[in-house]
Every structure is written in C-alpha cells, then in structure tokens.
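I opened my notebook today to look around a structure that was new to me.

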Amino acid sequence: MASIVKNINKINQLISENIEDMIFICNENIECEYHNNKELQYRKHLIDFLHPSDSKLVGNFIRNVFKIGYDREEFRIAGDNNLFKWYDIKGKRFVDDQNNKKVILICREISKLKKLEKDIKDSQIRYAQLADTLPEINYWKLLQSKDSFTAVQKAREMLEVIINNIPQLIYWKDIKLKYLGCNANFAGINGLINSSSIIGRSDDDLKWEIDKIAYIQECEHNVIKNNEPEYNVIELLKTVDGKQAWYEINRVPLHNMSGKVVGILVTYEDITIRKFSEQKLKESEEKYRTIFNSSPDYIFITDVEGNILDMNLALLDRIGMTLEEVHGTNFAQFYAGDNLDELLLARDEIGAGKEIKGSEVKARAKTGEIFEYEVNSVPIKENGRVVKVINLARDVTDKKIAEKKLQKSQEDLRVLNKELEQKIKERTKDLIESERQYRTTIDFLGDPLHVVDRDLRIILVNQPFKRWLNELNIEAEILRKKIPEIFPFLPPKIYDEYAKVFDTGSPLITMESTSVQERNLITETRKIPIFSEGRVEQVITIIRDVTESREMEHQLKESEEKYRNMVNYLDLGFYKGEYRGKLLMHNQAFNEMLGLRPNESIVGLESSQFFVNPEVQNKYYSELDEKGIVKHFIAQIKNFNEEIIVVDLNAHVIYDSDGKPMEIEGTFADITEKFKLQQDLLESEKKLREKNIELMKLDEIKNDFITMAAHELKTPLISISGYTDYILIKHRSYLTPEITEDLKTVQRNVTRLEVLMDQLLEVMKIDENKLKLQKQKVNITKIINDCLDELSYLINEKNLEVILNINHEIILSVDPTRIFTVFTNLISNAIKFTPDYGWIEISSKKADKEYVFEVKDNGIGLAEDEISRLFIKFERIKQPNLNESVTINDSGTGLGLYITKGIVNLHKGEIRASSDGLDKGATFTFTLPI
C-alpha cells in the first residue's frame, strides 16, 4: 500500500470532502493518530470510540490486522450525541514514511442492515411452515450440514423479503396444482390474510382471474409434463375487478435433488401501460417514416459532429448507397466543395444552436459523380444542448447545369448579334432573379404538405403549405375543413384520385395544370397512404410547384438550335434522337468513334440498330422509361467498320409539355481498352475471393471443432467435480489424509481444465467477433479493489507490497465482468513473476479522452524479443523456475494476455507492454475511452 502523506491536515480535508465512511489510523498501541469524527475530536484511543460491550474484542482485532495484514469485523461506534451505531470495519496494515507499521480502519455504517437482519429473523418462524412445504427445500435440508443449512436459511429469508416487495404476482404449486405458497401481492388480490393462508388451496378457492382458469391450468400442466419452462409469454387476462390487463408470464418447473419435477413456479407482471405505449410509439414511427421516406427532397439526420444517423430513400438512391453503409459515416467524407473550413464553421454554428438556411453544397456520390443541393440545417436540442441536426436539402444539379448551358448559349450568340446578346443577358438576369426569389419563398423550408382523413378533412399542414396558400390569396387557417370548402376550383378527378389511394393503398403521383387567382400553376402532387391496422386512414399530400422549372425547360428546348454548333467541339460522342426512334443530330466525335467520314451524316437512321445485344438495348430503354435518365450505362455497339466497341453511355429523356417522352439526348465515350482491363481485373478478383472463401471455411471448421470439443469436455468435468465434492462431503469420516489430498488434487486439476475450456471459448468468440459486451457505468476503482481482494491470498503468500496510485472514483461505461478479467490477468501475471517481498504498483491517470491504467512490478522482466510475442494466442513466454528468486507452479495456457487484448480492443482501447530487460520488472499499460 502507498505510504501516507505527511500533511495530515490535507488528508483530513480530502477525506472529509469525498468520503462518507468513518476513517481511523492507529499505531500498535491502538492509539488514534488520525480520525475524521469531528464530533469526538477530543478522544485519542480507539477504545474510547467503541461500545463498552465491543471494547474487549478490538484488541484481538487490531493485533490480527498487524499480524496477517488484513481483517474485517462489526463494532458499534459512537456518533452524533454519543449515540452508538453499527459499522462494518475493514482493517488494512501499511508502513508510513518513517517505516512505522500502522493500521487504517475504514468504517461503513450498517445500522439499517442490522435492523433488516433482525426483522428477517423475527419473520423466520412465520415463514418456517411455508419453507417446509416446498419439496426441494425439505430434500435439501437432509443433505446439508448445519452451517450450510444456516446459509440457505439466510438466503431464503432474503429472498422472501425480495419477492414480497416486488410488483409482480408470484405463486408456486405442487404437481397437482395445489398452492404451496405465494408472495404478498398475489395473496392481497385474492383477499387472503397472509401468504401462508394459500397453502393447500386450489384455483377454485381463489378469485384472482375470471375467464381463463382452465386455460391457465392447461398451460401449467404442460410445463410440468414436458419439464420445459415458458418465458415472456404475453397474454390478456380479465381480473377480479372486471378489467382486462396485459401480463408477461414466466412458468418454471420445480425439481427435487434427483431432478424430478415436483411443482411449478409462476410469475405475472402487468405490462398494460407498456403495451399501450408500444402501440402508440409504433403508430407514431409509421407516420414519421412514411413522410421521411416519401419526401422527394433529401433528408438526413446527423449528430453535432456531423456523423450520419439517418437518411431518407431519395438521398440514399442519389448517392448510390444503403443506410447501413452511410450510418456512422461523417458527412465531410461526401463533401466535394473547395472550402472544407466553411463547412466546419457551419457545423460549429449549428452546434451552438444556430439554424443555417439556404446553404449550397457540393457532394460526391459513391460512383464519384458530383451533385449540388441547397440545404437548411435545423439543430434539435434536449435539455438546452444540441444533440441532433435535421438537414432538409433539394437537388439543384440539373438546374445548375441548365443555367450553365443557357449562359454558354448566350455567350455564343453574343458574337453574332450584340443587340440579341443584351436582350438574352437581361432575360437571363430576370430568370436568375426569379429563381432566387422562388427558392427563398417556396423551396426554403421544403414543399407544401397536408394530411387528410377519409372524409377529406385536413388534419395537418406544414408552414410551407400555409405560406403557399397566402401567396394564392387563400385563407391559411384550414384545419378541420374539407378540401371542397377550401379548393372549390379543383376538378372532379382530384377526388377520384383520393378515392383510389384510400381503396388501393398505393401511392399516386400526378401532374396538374390549374388556374388560381388568374395565375397558371403547374404542380406535381404526391398522394401517400398512411396505414393503421392494415387500413388506409389518412393520406399525405405533397405539392411541388414546378411552373418555373417547366418554363425553363421550354426555353432550353427553344435554344437547342442555337447551341448545336457548340456540340461539335465536344470530345465525347454526342447524339440526339426521337424517343425510341430516328437520329436527329450527332457531332464529329460521334463520326470518329463509329468510323464515319468527317461531316458524314446518318440523321434519319434508327438509333437502336447500333446495339449488339437486344437484352442490353431493352435494359437501356427500361431505365429511361423508369427514371428518365441513364448514367454510365455500359454497352457493346457495332461501328460502320463492323467492329464491336464498348461505350460508356450517359443520356436523358426530353419530355413535352404534357409530360410525355419526346426525345433522347446523350453522350458516350469509347472505353473498349479500359473495359478489357476491368474484365481481367474482375476475373482475378473472383479467383482471389474463391480462395479466400475456402480459407474462411477451413478456419470456421477449425473454430467449430475447438468450440464443440470445449463444450463436450465440460460435461464430464462437471460430473468429476460433482462426484469429488460428494465423496469429500459424504464420506469424509472414512477418508485417509492421503486420499483426501488426492481428491483435492483432482479438484484443482478439474478447475484448471474448466478455466482452460472457458478460455478456449472466449478465444473463439474473439476470433469470430462474437464476443459481446454488456456495458454499464461502473466505478473502475471498485473493480480493482475487488480483484485485489480475490487475489489477496496469493499476494500474502509471497509477502508482496501492493502500491495503489489511483483515483477514489473512476466512472466509465464498460462491461464490468470483462474488465475484472483484464485486471485479474494482469495482476495475477505480476504476482506470478515477482519474487517474494517484491512490489506491484497499480496506477491510473486521465488523458484527453481516455483513462490510462498501468500494472508495474519489479519481477523477472522481459527480453526485447519476448515483448513482441506477448499477446499471441497460445504463446507462453516464461517457463517454470526461471531463476532462483521466482518459482512458478503454473506455467499458464498462453491465452490470458490474448483474451485481455481482445477485451481491451473491444472497448475501443489499446494495450502494450514494456520492460528495461531481464530482472528489471515489467509494465503493462492499457487505455479505456471516457
């Protein structure tokens, strides 16, 4: 143990502020050199603090601590107003800076526990009859010694207190379904005086359930008959007050010591509120998901650091990835702009709670394609702190391309006619200004949206919809009104569309041209059904005003002839043709790739005749029919030299004003050589994957064999261990000391084999990534102290000094069982390889985002070549009897440090070892994230 600091006043301050327990430090004369009892500062001798009845025992207790280094006892100590309270006292020996032996006593009040023990003891007689009726307990009492039976009694008494204070209904019966006992809750709902009053009764004598007694009895008979428990059965029952409630039921067969079924234990937990909440949550989630995934705009949700938490289908389709691929990925990985600092600044502003609107962002899809969108980012706060960010975005890639094409066309026309150039420039300026106003007023927060019920009554609207109505000079307060009242100008086909969605449950997308308040509007309307218990109860209507975009398409179509000459300068083959018809236009690059003479024209030929494979041709047109666009479509075509070349096609459909496909416009590049190289690469990758699959299968067979062998070996080991215990207990009076020692040797070796089997199973889980963590917030300091308590017999056996240099409380989110294993493996290794009267130091320190733990010893140390092999599976570095000062009885399996590394890595930590050389000790350091 670390030496005590000389500044006793500072110790007093730290202990008073951070520890609720009472602390004493005594010398060998039982004189108090320090204590933190402010009320009794004038007392100097430890006996002065104790109850007179306990003062005679304290001398033996202190002497025992000085002798063996550690002891534990319960005494009564004076407190406020000289009232005595019970304390659990832990004593630990240590050496101060002047090399004097001292004892530190840590006293934790247990007065309430003592009272509870008294209450339990008082209730022992009342529950004796209940306990004696259980066949399992009667049989157990015949086999147990007096000490063992007392332990069972205490455990049973504690269990009785627990089951009578939990909200579940609990009862147990014999195989004829006669009641053997129940808890207080079950007795109460049946009007019984106490739990023991139920003994010997049947279900017909009780009133707790009305309709399903026969069914319940059948279920209980099946559990007894089949000797199979039933867990987490959900059933709806009608209770004595006539109300229905949902229960989660567990039925478990009871056995005697020979394994025969002698009864059944049943628990009922009322989960009505939970069922109701789950249903409401499910309905809410369905509505949210319907709107989220039906939106034509892009929606994605991130945390404050920009890590993606969710993304709707429209955006996933745009980037060509699945939700599983993007989840947890930082948004910055998709950023394709020129100023990443600007993006990070926006992220910081959102993290501070500021809403960002109208940002234009460039992003990169999985294929490498760059697209642009406008985004509004809204921070979501919990308890005043930003925890999420909802991002609403609209793709403006095509719009940007259209603007660039229009600008290019205007620049070309400026050379021909300055006056026309000026007019086009002014017109373009008006279009850009109109587009900016459109984005600000209409697209800023997304499309108008409203929800109607089966009576076509509006039950929900969003803010863009209200603004849209105001722009149309229509009353915006429309909740609970029917659609015909609000929009009397709508044609009858609109109501037929709603009827179709309610009847079929299929979404419907339509285009409408409407005149409202002397304004001609073209809108794209999406009607999406919302289901409740399999029936469409509501319909979401999303309206997108596409008037301006349609007008721009028309302008681009009219200017097609003006930029025809520009097309001929493209390096890519360019073509334009009728939809599924004849070629209308092609450029010089087209001629070169297809083996035509310069300026030779094939306008009028069927464009489909160039495809070599009819199936590829059908797929090409199918994608155009479905999406209106194809990107990076790979196809084989035949040129006019009868050569087959491979091309990369990009094309899109041009629609008329009625939304019908009219023309196809596209480009292509000759990738014949590149395609051949890709095919060779794919074939090579295929062979490598096949070899890898074979290796994985062999590795899986190996792991399955080891796992099966470990499980199969544990069965006879359990039998050997059980029979050895039985012989040592049952026939101990007939065994000679030699036989007894031999049987204990068997026990020790069985334990070693069980540890080896458990380690093998842990190794298999680590190798197959199947080791799962059960994380919770725990005090790591307590885990370290528990580990030292468990290894104390080994520490005392070698007279080792353990130096603790750790914080009083280190609260981390970890799997406590696994971290206990980590400290046990490292400390036990340090004990094993440290000579008698040596020392082991355990320390911790806090870094930026992690805690660093260190286990250091002054043992036999490690050579440089040994450190690199420490964490390898089945690698045993040290052999027994390495030098004269260290004797090792157990050389280990070579799995402990491998398992330790696996657990630390699974916690996102790192572990390493270091040593200055042989006989210079070793240090093991590992980290855990905060």
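Predicted model: local features only at pLDDT ≥ 70, side-chain atom pairs only at ≥ 80, totals over all residues.

**Entry one: N391**

Is N391 buried or exposed? Its relative accessible area is 6%, so N391 is buried, the cut-off being under 20%. I then checked what N391 touches beyond four places away in sequence: Y298, I299, F300 and T302, along with V375, N376 and S377. I also noted a polar atom of the N391 side chain 3.4 Å from the backbone oxygen of V389.

**Entry two: helix 2**

Next I turned to helix 2, residues 55-68, and checked its length. With 14 residues at 1.5 Å a residue, helix 2 should span 20 Å, and I found its end C-alpha atoms 21 Å apart, which agrees. Which residues of helix 2 are buried? I listed V58, G59, F61, I62, V65 and F66. Among the elements covering these buried residues I found strand 1 (22-26), strand 3 (70-78), strand 4 (84-95) and strand 5 (101-109). Just after helix 2 comes G69, for which I noted a positive phi of about 95°.

Last, I looked at how helix 23 (residues 737-767) packs with helix 28 (residues 896-906): the angle is about 40° and the axes are 10 Å apart. That angle makes helix 23 oblique to helix 28. Helix 23 contributes Q759, E762, V763, I766 and D767 to the contact, while helix 28 brings G896, Y898, I899 and G902. I wrote down the crossing of these two helices as left-handed.

Notes:
Residues numbered from 1 in each chain as written. Heavy atoms only, no water. Buried < 20%, exposed > 50% of the residue type's maximum accessible area, 1.4 Å probe, protein only. Polar contact = N/O pair within 3.5 Å; in protein donor to acceptor, adjacent residues only side chain to side chain. Contact = heavy atoms within 4.5 Å. Helix = DSSP H or I, 4+ residues; strand = E, 2+ residues; numbered from the N terminus. Expected span 1.5 Å × (residues − 1). Axes fitted to C-alpha atoms, helices over the stretch in contact; angles between N-to-C directions. Parallel < 35°, antiparallel > 145°, perpendicular 65-115°, else oblique. Left-handed = near helix turned anticlockwise from the far one by under 90°.
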